[in-house]
Amino acid sequence: MAKSPSFTCTNCGAVHAKWSGRCDDCGAWNSISEDVPLSSGPSTKGLGASRGKTIALSDLSSADAPLARTLSGLDELDRVLGGGLVPASAILVGGDPGIGKSTLLLQAAAAFAMAGLKAVYVSGEEAASQVRLRAQRLGLAEAPVRLAAETNLRNILTTLEKEAPHLAIVDSIQTMWLDTVDSAPGSVSQVRATAHELTTFAKRTGISVILVGHVTKDGQIAGPRVVEHMVDTVLYFEGERGHQFRILRAVKNRYGPADEIGVFEMTGAGLAQVANPSALFLSDREADSPGSVVFAGIEGTRPVLCEIQALVSPAPAGQARRSVVGWDGGRLAMILAVLEARCGIPFAGLDVYLNVAGGLRITEPAADLAVAAALLSAREDAPLPQRTVVFGEISLSGGLRPVGQTETRLKEAAKLGFEAAILPERSKAGTVAGVRVQQMPDLAALVGDVFGAG
C-alpha cells in the first residue's frame with residue numbers, strides 16, 4: 001500500500017495531512033509544500049547489521065571500531081570536539097553574523113590539511129576568490145585546502161564523491177538548496193532536507209562534514225530544531241562585538257563532553273588560541289574595587305576564573321532598573337529576593353547592574369554566591385580582598401549548597417596566585433596549598449561576617 005503524502009509549512013515546519021492555501025499554525029499563505037522522499041539512510045556495510053537482522057553487542061570486534069580521532073593542532077578546537085575529529089561525523093557550527101565562524105573554519109580546514117587530511121571548503125556565500133583573499137590575510141595562502149563555490153547540493157555531493165576528502169566544510173547550510181524540494185533556500189524544508197542529505201552522506205562515505213548555521217535573533221540556529229538532532233555535534237561560536245574574546249562552546253557532542261569551551265582571541269591575523277583563559281579574563285581587573293568578585297567556575301571539564309562586576313546606585317522613584325550581561329536575569333531577581341527576604345538587605349529604589357567581564361556567559365548555579373557577594377560589595381561600598389575567589393549555590397531558604405569539582409576550582413585559583421576562597425559548608429575542598437578556605441553555613445553568615453550588614 002502506497003504511503004500517503006505529507007505536507008509541511010516552509011515557514012513554521014507544521015505538518016499537514018493535505019495541502020491548503022493557508023497554514024493553520026502560523027497563518028502564512030502559500031507556504032505549504034509536499035514533502036519529497038529523501039535518499040536512503042546510511043549504509044550498514046561493515047557494521048554487521050542487515051535488514052531484518054540484529055547482532056549481539058559482544059560480537060563487535062576491534063576491526064569494526066571507528067578510526068582514531070585526528071588532531072588538528074588547534075588545541076582549543078580539539079578540546080571542544082572531545083579530543084579531535086571523528087571520521088564520518090556531522091558537526092553543526094552556529095553563531096551571530098560577523099562573529100568569525102568562517103574565519104575559524106578556514107583556519108580549522110588549513111590546520112587539518114596540514115595535519116595530513118584532505119580538506120574541501122565549500123562556500124555558498126562567497127566566491128572562491130573571496131575565500132582565497134581571506135586565506136591570504138590569515139597567512140594560509142599556501143595551505144593545501146581545496147575550494148569550491150556552489151549552492152546546488154547535488155553538485156556538491158557529486159564533487160565530494162569525486163574528491164573523496166577526509167573533511168568537508170559547508171558554509172552555510174541556509175544557502176544550500178536541493179532541486180527535489182520546491183521551496184527557496186533557507187526555508188524550513190530546504191534546511192531539513194539538505195542537512196539530512198549531508199548527514200547521510202557523511203555516515204555513508206566516512207567523510208567528516210562541518211555545517212555552518214545562521215542564528216535567529218534569539219541566538220538559536222535558524223531552521224527546524226530537528227537539524228540539531230540529526231548531527232553528532234552542535235557548537236556555538238559566542239562573543240560580544242565589543243570584546244576581542246570568542247568562545248566556542250559544545251552544547252551537544254556524541255563523542256565527548258558537552259559544555260566544553262575553547263577560547264580564542266580575535267586579532268588582525270585571525271583567531272589566536274588562548275591557552276590560559278583565566279589569566280586573560282582577569283588581566284584588566286582593578287585592585288580593591290567595590291562590586292568586583294572573582295568567580296571560580298567550571299566550563300565543561302575546564303576550570304575558568306572570571307570577574308563578576310556589580311553596580312548598585314539610587315534610582316528615580318518607581319523606576320528601578322535591573323540590567324544583566326553574561327548571566328540569567330531571572331537568576332539575578334531570585335538572588336535579590338533572597339537577600340531581602342532572608343537577610344534583610346533591601347534593594348528597592350536601587351538600580352542594579354551586573355556584568356561578567358570579558359564577554360563570557362555563565363550558566364552554572366555555582367555563580368550564585370559570587371553574584372550575591374558582588375551585589376553586597378557594591379551596595380555597602382566594601383571591596384572584598386583582591387586575592388579571594390567565591391563560588392557556591394544559594395537556595396530560596398538562604399542556605400548555601402556545595403557545588404561539584406571544588407578542589408579543581410581551588411587548584412586553578414592557587415595557580416593564579418589567589419590566597420583565599422569563600423564557599424559553602426560541607427564542600428569537599430580537600431587541602432590546596434596556599435589557599436585559605438572560609439566556609440559559610442548560609443547567606444546570612446556571608447552578609448554579617450564579611451560585610452557586617454543585615
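This is a predicted model: local features need pLDDT of at least 70, side-chain atom pairs count only at pLDDT 80 or more; totals for chains, interfaces and linings use all residues.
Biologist: What is the arrangement of the pair formed by Phe237 and Phe264?

Modeller: The ring centres of Phe237 and Phe264 are 6.3 Å apart, with 75° between the planes. Phe237 belongs to strand S9 and Phe264 to strand S11, 27 residues apart. Planes over 60 degrees apart fall in one class, so the arrangement of Phe237 and Phe264 is edge-to-face.

Biologist: How many residues apart in sequence are the parts that Phe245 and Phe281 tie together?

Modeller: Phe245 and Phe281 form an edge-to-face pair, 5.4 Å centre to centre and with 85° between the planes. Phe245 lies in strand S10 and Phe281 in helix H7, so the parts tied together are separated in sequence by 36 residues.

Biologist: Is Phe281 buried or exposed?

Modeller: The relative accessibility of Phe281 is 5%. Buried means under 20%, so Phe281 is buried.

Biologist: Which ring does the charged end of Arg409 sit over?

Modeller: The distance from the charged end of Arg409 to the ring centre is 5.5 Å.

Biologist: How far apart in space are Ala287 and Gln386, C-alpha to C-alpha?

Modeller: Ala287 is placed in the loop between helix H7 and strand S13. In sequence, Ala287 and Gln386 are 99 residues apart, whereas their C-alpha to C-alpha distance is 6.2 Å.

Key
Residues are numbered from 1 along each chain as its sequence is written. Side-chain values use heavy atoms; hydrogens and water are left out. Helices (H or I, at least four residues) and strands (E, at least two) are DSSP runs, numbered from the N terminus. Rings of Phe, Tyr and Trp (its six-membered ring) pair if their centres lie within 6.5 Å; planes under 30 degrees apart count as stacked, over 60 as edge-to-face and the rest as tilted. Buried means under 20% relative accessible area, exposed over 50%, partly exposed in between (1.4 Å probe, protein chains only). A charge sits over a ring if NZ of Lys or CZ of Arg is within 6 Å of the ring centre and within 35 degrees of the ring normal.
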